[in-house]
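Here are some notes to read alongside the structure. Keep the 3D view open and look up each residue as you go.

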Amino acid sequence: MPEQQPYYGKNGEPKKYDPTFKGPIYNRGCTDIVCCILFIICILGYVAVGILAWSQGDPRKVIYPTDSRGQFCGQAGTPLETKPLLFYFNIMKCASPMVLLEFQCPTTQMCVEKCPDKFMTLLKAYANKEDFKYYKNFCKEGLEGLTVTQILSSGLCPAMLTPSKPFTRRCFPALGQKKGGEITVGNNSKFDDGEGNIRDAKDLVAGVKNATVVIEARQVAMKIFEDYTQSWYWILIGLVIAMLISLLFIVLLRFLAGIMVWVMIVMVILVIGYGIFHCSMEYVSLKSEAGSNVTLKDLGFQTDFSVYLHIRQTWLAFIIILAIVEVVIILLLIFLRNRILIAIALIKEASRAIGYVMSALFYPLFTFALLSIVIAYWAVTAVFLSTSNQPIYKVFNETACDHSRKICEPANFSTSSMKAECPDSKCLFAFYGGETVYHKYLIGLQFYNVFLFFWCANFVTALGQMTLAGAFASYYWALVKPDDMPAFPIFSSLGRSLRYHTGSLAFGSLILSIIQIIRVLLEYIDHKLQGTQNKCTKFLLCCLKCCFWCLEKFIKFINRNAYIMVAIYGKNFCTSAKDAFFLLMRNMIRVAVLDKVTDFLLFLGKLLIVGLVGIFAFFFFSGRVKAFENTAPNLHYYWVPILTVVVGSYLIAHGFFSVYAMCVDTLFLCFLEDLERNDGSAERPYLMSDRLLKVLNKKNKPEPAE
């Protein structure tokens, strides 16, 4: 580490490190104040954007369907309160390609109390008083005294009604399918379109594309919901079991970490050895087979890869590759044995540290709560921003018209020049938009909302990392554990992080957020250019996405270790990042070994927990065990609670092990600092555990007798 200020020993000799250092510094000052102020200003701006969005937005546009006049169907306190469903005059017009561009079906839409449940044409209904009374429920007002021709030309009624069912508050034809695959509507394969034409029911399919699939999906969703109501308490029991197994695994790592690592290494060596033996047997067995001595060069490239397995040279290549891998692993074990022992000792020490700071295991719940608030604020603000536009009406027509798709005003459209020039045109609600300054910069506000979401989410994650790092560092540097530790290490570290290092947390999370927003923009550009980009553009975008993905991983690594150094020394973010980076670079091999050993153990733990709980859930919910036949609930899909338990178990294990990984990383940096800062003398004793001292073949010298 670079010198911050000169320190002097008893005889006046200069020292590189402060000999009085005994752990995380308590007398520290605020760091990265400029970034802290910037973060607070941006948060205030974020709140202002939220208030502006909430004042301008209207989530009813998402909740309620909108008719051709821009009115909300089923909205309480309005004349349409009793008409919650949206009815399309001619659903077949929704098959028009313009729907994909305008996001609006070019036919009249109105709010109705219920969907039609019978076949009927206007021409036939007009001749029957009772039928016409029923038909009026799906027509506009002002039908008195008009003929059928006048009603149709004025667009007051649909030409026909088809049996329909409500879905997402909209009326879709009740499509079905006979055994032969013939499409039906209302159990009929033909229908009268109201214009004297008999049409096939399949003509309706394009207008309600995927409607039947979605309806079936809705039924599946209802069954899944019922399964949850029947099995939720058993799911909770499974998640509690996963939590207990996670705690038990962390405790057992103190005693079994070394065994697990060496068993893993031996298994890898044995598997590779078996692979060499198997390849050798195949190589020998092909000796007498005709054509097996052909070389790979003579054979050339073959699309059927099984051909290569009949060539002796293929198995010889396998033997050589596996033998090289085996030799490399054995040599690494010989030369890195001591570093593997250090990694195992640090992992055991991490388990011991968590035993002293048990509250750290539940800190992810606090992080989860904060992240939930950030996500909820972003989602609500995004909804209000996206619904803060004004209703836009456009001209829709069936014949050629110069005013087609132009903006119109429904209040005076019947007397406008557009209507005079295009008699069959209609002024219908198209979408939500606006031309004010607010609406022009709406996309910028959405971008600001997304960027602040990334910044706040990364800030919360960084706060959790620094808090845990400060708590575990206080354990490592305590000479007498737990007497020299704070009474509440987590709360003490959390207070220091927020009071002094909000700026450093904001700085690191800002850098990461900028990279993440660039990745989002690259994905957006790639999505927009799909189908139009050439191979060169695709290659360039692919390279950029790959580079920024790698950069994000690197920044996360730097930030994580920088937060540990900030928690210990209280320096600013850049200095801490530099110190951590060079400290790790001076111990690259130790870093690599510890990282891989820790990754393996945590992967093994997650696999063990998810596997055990998942197997238990499978045999319980599937009824495969007779002892649970009468206890297990009756379900439509037994895989629903099983998948829920498996995913929940993984998330629980990940939450516990993320704390464990942070503990290992913190203790590792403290361990490296301990080696460079202290020399085992009475003035500067090592503060690492006796196990680590033994692995390193070091010891603390006793204090000289007076």
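1. Let's begin with the cysteine pairs. Counting sulfur atoms within 2.5 Å of each other as a disulfide, the total comes to 3 disulfides. Please keep in mind that this is a predicted model.

2. Take the pair C73 and C111, which are joined by a disulfide with an S to S distance of 1.9 Å. The two ends come from distant parts of the chain, 38 residues apart. C73 sits in the loop between α2 (60-63) and β3 (85-88), while C111 belongs to strand β4 (residues 109-112). Is this link left-handed or right-handed? The torsion about its S-S bond is about -75°, so the disulfide is left-handed. You will find C73 buried, at a relative accessible area of 0%, and C111 also counts as buried, at 3%.

3. Now look at C115 and C171, another disulfide, with S to S at 2.0 Å. Here the torsion about the S-S bond is about -90°, so this disulfide is left-handed. C115 is in the loop between β4 and β5 (120-121) and C171 is in strand β8 (residues 170-173), so the bond ties together parts that are 56 residues apart in sequence. Both cysteines, C115 and C171, are buried.

4. The pair C139 and C157 also forms a disulfide, and the sulfur atoms are 2.0 Å apart. Check the handedness on your screen: with 125° about the S-S bond, the link of C139 and C157 is right-handed. C139 lies in the loop between α5 (129-135) and α6 (148-154), and C157 in the loop between α6 and β6 (160-161), so the pair ties together parts that are 18 residues apart in sequence. C139 is buried at a relative accessible area of 6%, and C157 is buried at 4%.

5. What about C542, and how far away is the nearest cysteine sulfur? C542 is in no disulfide, and the nearest cysteine sulfur, belonging to C543, is 5.9 Å away. C542 has a relative accessibility of 48%, so it counts as partly exposed.

6. C670 is in no disulfide either: the nearest cysteine sulfur, that of C663, is 9.5 Å away. Is C670 buried or exposed? Its relative accessibility is 0%, so C670 counts as buried. Keep C670 and C663 in mind for the next point.

7. Next, the helices. Helix α13 (residues 442-476) packs on helix α19 (residues 639-677) with the axes 9 Å apart and an angle of about 50°. That makes α13 oblique to α19, and the crossing of the two is right-handed. On the α13 side, the contact is made by Q465, L468, A469, F472, A473, Y475 and Y476. These meet residues of α19 that include C663, C670, F671 and D674. Sorted by type, the residues of the contact of α13 with α19 are 12 nonpolar, 2 polar and 1 charged.

8. Helix α1 (residues 33-56) and helix α15 (residues 502-528) have axes that come within 7 Å and cross at roughly 75°. The two helices are therefore roughly perpendicular to each other. From α1 the contact uses C35, C36 and F39, and from α15 it uses T502, G503, A506, F507 and L510. The residues of the contact of α1 with α15 divide into 6 nonpolar, 2 polar and no charged.

9. D32 lies in the loop between β2 (14-15) and α1. D32 has a positive phi of about 50°, although it is not a glycine. With a relative accessibility of 18%, D32 counts as buried.

10. Finally, visit E552 in helix α16 (residues 535-569). Is E552 buried or exposed? At 8% relative accessibility, E552 counts as buried. Which residues does E552 contact, leaving aside its neighbours within four places in sequence? E552 is in contact with L512, I515, Q516 and R519.

Conventions:
Residues are numbered from 1 along each chain as its sequence is written. This is a predicted model: local features need pLDDT of at least 70, side-chain atom pairs count only at pLDDT 80 or more; totals for chains, interfaces and linings use all residues. Side-chain values use heavy atoms; hydrogens and water are left out. Axes are lines fitted to C-alpha atoms, for helices over the stretch in contact, and angles run from 0 to 180 degrees between N-to-C directions. Helices (H or I, at least four residues) and strands (E, at least two) are DSSP runs, numbered from the N terminus. Angles under 35 degrees count as roughly parallel, over 145 as roughly antiparallel, 65 to 115 as roughly perpendicular and the rest as oblique. A crossing is left-handed if the near helix is turned anticlockwise from the far one by less than a right angle, and right-handed if clockwise. Contact means heavy atoms within 4.5 Å. Ala, Val, Leu, Ile, Met, Phe, Trp, Tyr, Cys and Pro count as nonpolar, Asp, Glu, Lys and Arg as charged, and the others, Gly among them, as polar. Buried means under 20% relative accessible area, exposed over 50%, partly exposed in between (1.4 Å probe, protein chains only).
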